Amino acid sequence: MLANLQKTPSVLKLDPSDNVGVATRAIGRGTVVGVGVTALADIATGHKLALAAIALGAPVRKYGQVIGFASRPITAGEHVHTHNCEMGALALDFTRTEESGKAGSVQPPAPAYFQGIVRPNGRVATRNYLAVLTSVNCSAAVATGIVERFRTRGLSDFPNVDGVMATVHGQGCGMAGSGEGYELLQRTLAGFARHPNFTGALIAGLGCEVNQPKDLCEHQGLIAGDLLQTLSIQDAGGTLKAIERGVQLIEKMLPVANQTRRESVSASHLMLALQCGGSDGYSGITANPALGRAVDLLVAQGGTAILSETPEIYGAEHLLIRRAVTSKVAEKLMARLAWWESYTKKHGAEMNNNPSPGNKAGGLTTILEKSLGAVAKCGTSPLVDVYEYAEPITQKGFVFMDSPGYDPCSATGQVASGANILCFTTGRGSVFGCKPTPSIKLATSTGLFERMREDMDVNCGDIIDGGATIASKGQEIFELILRVASGEKSKSELLGIGDQEFVPWQIGAVM
């Protein structure tokens with residue numbers, strides 16, 4: 001979408017067919033920003049300005065795509081935003097051609113490697129944690145009590161162990177013992193229990209909940225053993241006794257976990273989760289397409305990249321459909337979108353109930369504009385499969401996993417599906433972490449990067465400022481992914497963020 005990028009001193013025109021441009025800095029009223037175009041209002045950085053007159057009801061175009069329709073006549077030089085641009089009926093071209101599903105824009109480069117942890121089953125980890133999983137909210141205090149013991153005493157005797165972490169959530173009881181909601185929770189917990197970034201796991205329950213640990217293990221094919229244990233608070237005799245018992249079980253796992261060593265492995269073992277949050281007007285111009293370039297580099301190495309957040313591809317799904325390797329894969333994606341249409345309607349909501357207030361403050365006007373920018377982070381590689389939330393991902397290449405647009409919930413599903421590394425683009429400034437999977441945060445602008453240096457790993461703003469291209473920034477991101485996968489700590493890890501972001505998707509009645 002950005003191949004024909006045209007830059008003026010203060011405005012970006014992203015495609016020759018666009019009738020709006022994006023401000024690269026704050027523009028004062030009366031400023032001449034292009035041939036025959038004078039700003040008729042103050043335009044904030046990242047916001048849009050009309051480059052030509054747009055008639056009432058006519059499409060507003062950015063990225064060479066329709067992002068909305070003029071809700072009143074717009075004069076060249078006007079600020080284009082929610083006051084004069086709105087959603088409308090959109091005709092999308094879903095036509096797949098002979099080129100559909102063919103290789104992306106990156107040719108296979110020289111083989112890339114990272115220092116990974118090879119598990120006995122052949123899966124490769126980027127981190128080495130032990131988990132205390134909770135089957136129900138009622139066991140949250142015990143799980144955190146167990147973890148706190150190890151945080152207090154430290155793990156200096158086990159230098160190869162990254163930590164002990166708890167997965168606390170609000171489900172597990174007051175729900176039906178069968179059906180979609182129950183299956184989603186069990187699938188998510190099982191995905192964490194068998195995740196390669198955990199050497200071992202303890203599943204802690206109360207004892208009377210709907211989601212019983214033994215049923216979880218049975219239904220999800222988890223086999224109890226030295227590195228997978230269950231704990232009942234009621235059977236243990238209460239909170240303190242359960243904490244003591246849990247500490248003892250984790251203590252037995254620590255020496256085994258400490259035996260792990262890193263070794264050189266192919267980048268094909270990386271499964272990269274793609275997230276964006278706190279998006280702004282630059283997200284689809286800098287960080288997302290740069291991440292997309294890194295995705296293409298990874299896929300060319302035989303690795304996997306996971307796009308999710310189904311409500312946030314709404315209006316841009318045609319771009320993904322065209323890349324599906326088969327009509328069956330295209331139909332699977334359309335089926336998930338149809339499910340969301342039905343789901344939101346049933347709950348009195350709409351798919352276009354977006355962007356958020358922060359997105360709008362950053363210059364995004366409609367869900368179409370947000371979605372078109374969001375899909376840029378998945379690059380150009382073929383779409384090889386579509387998965388349901390937290391479903392184990394087995395295909396290599398670029399895949400889609402269904403999820404809500406709520407970042408922690410979406411990322412939880414991606415990790416449960418097997419993601420062992422995550423990249424998170426942000427324009428407004430997210431402080432997201434994602435234990436046990438390291439999270440790399442990419443800032444869309446230099447201003448954000450400078451304000452939040454302690455949180456941001458990569459500045460993508462220099463794509464606009466000068467000195468970087470999408471290709472060079474993509475290479476920089478790819479190289480950082482390899483280093484972080486090898487053990488280098490991301491900014492969120494240095495800050496200790498990521499213990500509170502386990503948010504399984506909750507569907508169904510709370511009873």
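**Exercise 1. Identify the bridge partner of Ala 305 in E21, and describe the strands around E21.**

Solution. The bridge partner of Ala 305 in strand E21 is Phe 398. This holds for a predicted model, in which local features need pLDDT of at least 70, side-chain atom pairs count only at pLDDT 80 or more, and totals for chains, interfaces and linings use all residues. Residues are numbered from 1 along each chain as its sequence is written, and side-chain values use heavy atoms, with hydrogens and water left out.

Step 1. Strands (E, at least two residues) and helices (H or I, at least four) are DSSP runs numbered from the N terminus; two strands pair if DSSP finds at least two bridges between them.

Step 2. Take the parallel neighbours in turn. Strand E19 (residues 304-307) runs parallel to E21 and is joined to E21 by four bridges. Strand E20 (residues 383-387) also pairs with E21 in the parallel sense, over four bridges, and here Tyr 387 stands opposite Met 401.

Step 3. E21 (residues 397-401) is mostly covered, with five of its five residues buried.

**Exercise 2. Determine how H2 and H11 are oriented to each other, and which residues meet.**

Solution. Step 1. Two packed helices are described by the angle between their axes and the distance between the axes. The axes are lines fitted to C-alpha atoms, for helices over the stretch in contact, and angles run from 0 to 180 degrees between N-to-C directions.

Step 1. The axes of H2 (residues 180-193) and H11 (residues 407-417) come within 7 Å and cross at roughly 55 degrees. Angles under 35 degrees count as roughly parallel, over 145 as roughly antiparallel, 65 to 115 as roughly perpendicular and the rest as oblique; H2 and H11 are therefore oblique to each other.

Step 2. In contact (heavy atoms within 4.5 Å), Thr 188, Gly 191 and Phe 192 of H2 meet Thr 412, Val 415 and Ala 416 of H11. By class, this contact has three nonpolar, three polar and no charged residues. Ala, Val, Leu, Ile, Met, Phe, Trp, Tyr, Cys and Pro count as nonpolar, Asp, Glu, Lys and Arg as charged, and the others, Gly among them, as polar.

**Exercise 3. Explain why H11 is described as largely enclosed, and name the elements against which its buried residues pack.**

Solution. Step 1. Because 11 of the 11 residues of H11 are buried, H11 is largely enclosed by the rest of the structure. Among them are Asp 407, Cys 409 and Gln 414.

Step 1. The buried residues pack against H2, strand E18 (271-276), E19, E21 and strand E22 (421-426).

Step 2. Just after H11, Gly 418 takes a positive phi of about 125 degrees.

**Exercise 4. Describe the pairing of E8 with E7 and with E10.**

Solution. Step 1. Strand E7 (residues 59-62) pairs with E8 in the antiparallel sense over four bridges, and Val 60 has Gly 68 as its bridge partner in E8. In this hairpin, two residues lie between the strands, and Tyr 63 takes a positive phi near 60 degrees.

Step 1. E8 and strand E10 (residues 85-86) pair in the antiparallel sense over two bridges; Phe 69 stands opposite Glu 86 in E10.

Step 2. E8 (residues 65-70) is mostly covered: six of its six residues are buried.

Notes. Buried < 20%, exposed > 50% of the residue type's maximum accessible area, 1.4 Å probe, protein only.
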